[in-house]
Amino acid sequence: MADTSVYKTIFEMTNVGMAIADLSGGFIQVNKSLCDLLGYTKEELQNRTFQEISHASDLKEDLHHIEEINKGLIDTFSMEKRYFKKNGELVWVDLTVTAVRKADKKVDYYIAVIKDIDELKQAQFALRLEEEKAKLYLDVAAVMLLALDRNGKIRLINPKGCEILGYSQEELLGKDWIETVLPKRVQADVKELMQSIFSGNIEPVEYFENSVITKVGEERTIAWHNGAIRDHNGDIIGLMTSGQDITDEKQAQEELRLQKEEFETIFKASKDGIAILDLESHFLDFNDAYLKFTGFSREEMLTKSCIEMSIPEDVPRARQAVQEAIEKGYVENFEKSCIVKNGKQIAINMSLALLPDKTRLLITTKDMSAKKAYEDLLKKTIEQQEALLKIETAGFVHIKDRKFTWTNRAFEKMLGYEAGELVGKDTRILYSNDEEYESFGRESSIAFETSKTYNKEINCLRKDGKALVLMKSLTAIEGSPGEALGVFVDITQMKENEREIQKAETKFFTLFNEALNPIAVVDPIKHKILEVNPAATELYGYTNEEFKQLDISAIEMLEDQAEINKRQEAMITKGWDRFTTKHRTKEGSILDVDVSVRAIQLENKPYLYATFHDITAQKNNERQLIEVKTELEKQKIFITSLLDAQPNMMLLTDGEISSFMNKAALKYFNCRDLDEFKERYNCICYRFIKNDAYFHLGKVQEGQNWIEVLLRLPQDQHIVTIQSLKDGIVRAFNISVRKFNSDYAVNFTDISETVVKQRDLEDKTTHDKLTKAYNREYLEQNIQRILSQNETVAFAMVDIDHFKKINDTYGHDVGDKVLKDLVKVLDDFSRKEDILIRWGGEEFLLLLKVDEKTALAKVLEHIRKAIEEHKFPVANKITCSFGAVLHDPSHAWEMTFKSADIALYEAKASGRNRVVVSV
């Protein structure tokens with residue numbers, strides 16, 4: 001006979017859940033691993049059955065396999081299912097059940113092996129979700145997405161790419177990209193380039209522009225961003241690229257370039273002073289004549305405003321003139337006095353005109369006469385202080401008893417707060433923990449007692465939780481304990497740069513020669529360039545040897561050699577610097593350059609390691625972008641015409657007020673124009689017909705934006721019904737939405753015919769064929785929505801007493817009639833908002849919207865009595881038992897269903913024809 005102690009030891013020590021169950025499903029014995037998995041003690045679990053902890057939807061398959069074992073058809077089975085833990089959570093398990101039989105072949109007991117596979121199932125669900133998301137990204141991407149294999153064949157192209165090229169996916173997939181789409185003049189070069197990429201001779205170009213030929217023969221310019229697809233060995237096996245159609249943008253840029261050249265000729269040649277201002281009168285641009293009579297440099301003028309240059313008594317008149325020009329469009333022959341660089345007052349005659357973009361003013365100015373000099377030292381000091389406080393890179397604060405009493409806008413922006421939001425708040429808000437806050441208090445108190453100043457780098461938190469490093473400088477106010485003025489500078493990027501530079505030092509020589517940006521090593525003592533990398537020689541046009549003969553002043557335009565030397569000495573002391581300047585190449589070209597410098601030690605001598613980043617194109621692009629935006633406004637008329645030609649209703653709205661509606665929409669609502677529509681209805685959402693099968697305003701809570709609510713719903717729920725005010729017909733529309741700046745572009749596609757067919761199909765799949773009540777499919781599809789839309793929901797199980805006797809006595813035809821008649825009684829005597837579901841056989845589930853236990857019992861008792869008094873076909877009188885429970889939102893609905901089922905069992909066990917409401 002086997003040693004049972006060995007088996008017991010294995011049973012207890014295995015890390016897999018194991019249990020022995022009797023024929024009713026009750027646990028006779030369980031091991032520690034199973035208790036740990038489900039969160040029960042052994043005593044708690046051995047007082048339960050597997051049915052009690054099983055998910056309701058898995059029980060049917062469970063019981064079917066047990067029945068097969070009991071019939072002798074099988075001895076074991078395995079399945080994946082869900083168990084409820086003690087805390088109500090569900091866990092996925094792999095269950096294997098084996099029957100232990102007696103000598104007469106009858107089952108004596110069951111042995112169950114239960115493995116935890118919850119993480120595996122969750123990973124499978126997550127993988128499926130990611131695959132669906134990836135497909136969605138491809139379908140909705142606003143740029144062309146393209147994948148090519150090593151032979152240049154098209155392996156993937158998204159709908160946007162097909163739209164740009166005019167082909168269907170079937171016409172493109174598997175075709176040679178070069179021969180199908182590219183112009184013949186470039187095909188040979190591109191083939192040679194791709195061969196070099198796939199052979200590993202060169203890396204794919206990250207960005208380039210080229211032309212494609214559409215299906216109708218039109219040539220379009222595409223901006224490409226490329227990436228390589230590599231195998232596990234790192235070899236390139238394909239290309240993945242995204243392309244944006246920039247044909248129209250290129251044409252617009254060329255037209256704007258010609259207009260710009262014409263304007264600049266007039267602008268520069270004029271003898272009158274001409275300037276361009278923003279609507280706050282700050283100078284954006286000006287000609288040489290304007291600079292000449294003011295005496296300021298270009299850099300100085302860009303920091304000033306036209307109004308602020310007026311003498312104080314003329315400031316209100318100047319402000320009024322600017323406002324009048326904004327409102328009327330122009331002001332002519334306005335005279336005022338202003339202060340020029342040498343401090344003198346001059347009288348000027350000025351005309352102002354609002355430019356077409358309505359965001360800038362053009363002024364022409366003539367110097368009329370010289371006036372009395374005006375210089376007030378106190379005024380100048382105040383102006384300098386105000387200018388200092390407006391510096392965007394430095395935050396200024398006033399602190400009293402460790403609370404902010406004043407902050408400038410730069411400090412608020414730096415930390416992500418609205419204007420004035422920090423005033424009154426404790427400085428604790430800057431720190432990530434109390435320890436750093438208290439440390440600051442101790443250190444600053446000691447510093448104020450000695451030098452009255454306190455300087456330190458601190459780690460701070462923005463309002464959104466993002467970490468910052470700030471350089472803090474506090475100065476105590478004499479005679480006012482606890483009060484100080486502070487200056488804060490954001491050095492987060494600087495600290496990050498320091499860390500990156502420190503890492504780079506270990507790879508200095510490799511990175512120096514391979515870097516794409518120019519790099520130079522400078523001797524700050526001899527003021528000579530010691531070494532440059534190949535990128536520097538390429539950008540500046542000097543050879544390495546020529547560089548070594550140059551002083552820094554040969555390429556630096558903004559400072560003389562003495563100033564450069566002084567700055568280099570400061571860099572050695574400070575250890576780093578970063579600034580933007582202008583450099584001159586060997587050929588005389590002027591470059592905008594972003595310079596990063598770090599002091600390093602080589603052989604115990606100080607050197608400067610400088611990296612130059614050519615930002616000339618970036619600066620030019622920034623200026624051109626402003627001009628392109630202005631030109632794009634002209635495209636609105638063209639776009640409006642295209643939208644009016646669409647058969648679908650289209651509109652632009654913020655979710656409340658529409659700013660545009662196409663002709664199809666106006667015609668549907670029988671309105672002449674948008675103003676008439678807004679006067680009559682304001683928002684199209686008020687025309688949505690209330691129908692729970694579709695989206696309507698009843699599903700939007702007060703204060704919510706209906707579009708944002710709609711976008712959170714699945715696409716198949718983006719359906720509304722609207723009555724046409726032209727012909728009175730109610731039609732169904734599918735709504736698609738795209739974000740457009742701060743508004744939404746909304747498209748209504750008429751799907752009335754499709755919806756009718758779909759409703760018929762849904763009706764068949766979610767209703768019981770015999771009784772026409774809802775079925776289990778309806779519950780699984782809608783239970784989460786029902787629970788989320790109602791604060792309290794009750795689950796009530798209804799079962800016909802002795803229904804088998806009716807079938808045995810009168811036959812199944814009469815039984816079917818009784819079931820159908822019972823559903824009619826339940827519908828007649830339950831409330832409109834209650835939901836009836838046929839659960840199976842003679843069992844029904846009622847979902848009732850009640851808010852307390854007593855009200856639930858009263859409603860169900862009313863229904864029970866109605867059934868008892870009703871005369872049914874042939875069978876005459878029947879009764880029903882009811883088991884009910886109020887749903888706890890913190891529990892899974894399956895647990896509530898199980899509690900209602902237990903209550904039904906109690907109702908039947910206590911005599912039937914009664915209502916039992918569980919606690």
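Predicted model: local features only at pLDDT ≥ 70, side-chain atom pairs only at ≥ 80, totals over all residues.
## Helix α29

Helix α29 runs over residues 776-789, and its 14 residues reach 19 Å from the first C-alpha to the last, close to the 20 Å expected at 1.5 Å a residue.

At the N-terminal end, α29 is capped by Asn 775, a side-chain oxygen of which lies 3.2 Å from the backbone nitrogen of Glu 777.

In one of them Arg 82 pairs with Asp 58, with the closest N and O atoms 3.7 Å apart. Because Arg 82 belongs to strand β3 (residues 76-84) and Asp 58 to helix α5 (residues 56-70), this pair ties together parts that are 24 residues apart in sequence. Asp 58 counts as buried, at 10% relative accessibility.

## Salt bridges between strands

Asp 594 and Arg 578 form a salt bridge whose closest N and O atoms are 2.8 Å apart; since Asp 594 lies in strand β24 (residues 590-602) and Arg 578 in strand β23 (residues 576-584), the pair ties together parts 16 residues apart in sequence. Asp 594 is buried, with a relative accessible area of 15%, whereas Arg 578 is partly exposed at 42% relative accessibility.

A further salt bridge joins Asp 750 to Arg 731, with 3.8 Å between the closest N and O atoms. Asp 750 is partly exposed, with a relative accessible area of 39%.

Notes. Residues numbered from 1 in each chain as written. Heavy atoms only, no water. Helix = DSSP H or I, 4+ residues; strand = E, 2+ residues; numbered from the N terminus. Expected span 1.5 Å × (residues − 1). Polar contact = N/O pair within 3.5 Å; in protein donor to acceptor, adjacent residues only side chain to side chain. Salt bridge = Lys/Arg side-chain N within 4 Å of Asp/Glu carboxyl O. Buried < 20%, exposed > 50% of the residue type's maximum accessible area, 1.4 Å probe, protein only.
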